[in-house]
Amino acid sequence: MNRYPRNMTGYGQNPPNAAWPNGAKIAISLVLNYEEGGENNVLHNDAASEAFLSDIAGAAPWPGKRHWNMESLYEYGARAGFWRLHRLFTTRDIPVTIYGVATALARNPEQVAAMKSAGWEIASHGLKWVEHRDMPEAEERAAIAEAVRLHTEVVGTRPRGWYTGRCSENTVRLVSEEGGFDWISDTYDDDLPYWIEVGERDQLIIPYTLEANDMRFATAPGYIEGEQFFQYLKDSFDVLYAEGQAGAAKMFSIGLHCRLIGRPGKIAGLMRFLDYAASHEGVWFPRRMDIAAHWAATQPHQRVDRPSLMDEAGFTAKFGSIFEHSPWIARRAHALELGPAHDSAIGLHNALARMFRSASHAERLGVLTAHPDLAGKLAAAKRLTAESTAEQASAALDALTDAERAEFESLNTAYVAKHSFPFIIAVRDNTKDSILAAFKTRLNNDTTTEFTTACAQVERIAELRLKDMLP
């Protein structure tokens, strides 16, 4: 099957009500990345020094050598930045989630003890703070397993959340397959958590952020002062908070790094933002584990048959009657590049309609002639399809008086004699009277115009049928 795996639909126009505890309008997830001691370093048996996310402009790896300046910048995060942030959050009684690189945690026992005593969540940030992009799958799977083992040994409990950051195309699947994570955050694609299916596992994804993130102090374009960071956080908060007031509560993730935001001139912006957020009612500062527990309890995943994953036989059996007596449309649609975007009524209708529109004139005419006359002989003989029977009943066409039935039969006969196909209209969009009015008006159209109109009505009928079957 030709399938496109990316999901660019998400919750669409109607995201769920997050229903945060105590009616909170916004959930602010503060994440502190702890990477100091887990970064690239020849002391860690890496090929070169670190070159990512530091205050060294234009940093490049030093193959086979220690980079003393780079090391000292990371060390600032452990020695000073962490403790400044620890004081900030504990004095305000704000819990955070740690993205902890396992080898970094192992090299920083005092900081780990402080995290635990503060009641912070310590999630896994991988085994080492290195690029996973080119890792063979088996190597990455082994690194994930070792990260869990070492984290458990150092912290005392296994991690229940995961974020790699510099991940591969396999990371989310491999972490899901590990089987022990309540949440994974290696995506940036939504304002709310959501579920994915990995084999038999329903895996919760809590999207993260690269823009409401102090890493922008070390990238271009980025922030150059704490006030810019504050202003961006404030603007993001204001929009999300307003949406929450309107009943669409959202999640706001903020990414932090000890060696970056831990500097005095940078942390000032974060302090201002925390003061600003605290001045509003209905603001919840959860750990990501709290978000995961809430989402699992209030928005549990429900598996459904996804059209894009069906084989051709099953797909055709289920959707072959959407276009009246024309299963060939479903068979052709199944061969398209289907994906998550086609697992809804709107998405699948688009795929089916494409095949109808691209068919030959004779094929499309065949679809038109497959439709029954409205209130015609087939209806009287109860030989309509189940879909047509229900549709005609919705406009009371199954309960006509003798005079009404005679009028319909007369109009049907005249219409078919002129156009060579039956009068077609989306009955569920109409009443008996509006159908009769349209019948009389369209009888006077030329056949080319009526062919186009009838085809559009066929597509509308198909759309309504799909909406009875899919979300």
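1. A salt bridge is a side-chain nitrogen of Lys or Arg within 4 Å of a carboxyl oxygen of Asp or Glu. The model under review is predicted, and a search of the whole structure finds 31 salt bridges.

2. One of these joins E36 and R259, whose closest N and O atoms lie 3.1 Å apart. The pair links distant parts of the chain, 223 residues apart: E36 belongs to the loop between strand 1 (26-34) and helix 1 (68-91), and R259 to helix 7 (residues 258-261). Are the two residues buried or exposed? E36 counts as buried because its relative accessibility is 2%, under the 20% cut-off. R259 is likewise buried, at 2% relative accessibility.

3. E153 is exposed, at 55% relative accessibility, whereas R149 is partly exposed, at 41%.

4. R160 and D182 also form a salt bridge, with 3.1 Å between the closest N and O atoms. R160 lies in the loop between helix 4 and strand 4 (161-162), and D182 in the loop between helix 5 (171-178) and strand 5 (183-184), so the pair ties together parts 22 residues apart in sequence. R160 is partly exposed, at 38% relative accessibility, and D182 is partly exposed too, at 37%.

5. Finally, a network of salt bridges links E137, R141, R173 and E177.

Notes: Residues are numbered from 1 along each chain as its sequence is written. This is a predicted model: local features need pLDDT of at least 70, side-chain atom pairs count only at pLDDT 80 or more; totals for chains, interfaces and linings use all residues. Side-chain values use heavy atoms; hydrogens and water are left out. Helices (H or I, at least four residues) and strands (E, at least two) are DSSP runs, numbered from the N terminus. Buried means under 20% relative accessible area, exposed over 50%, partly exposed in between (1.4 Å probe, protein chains only).
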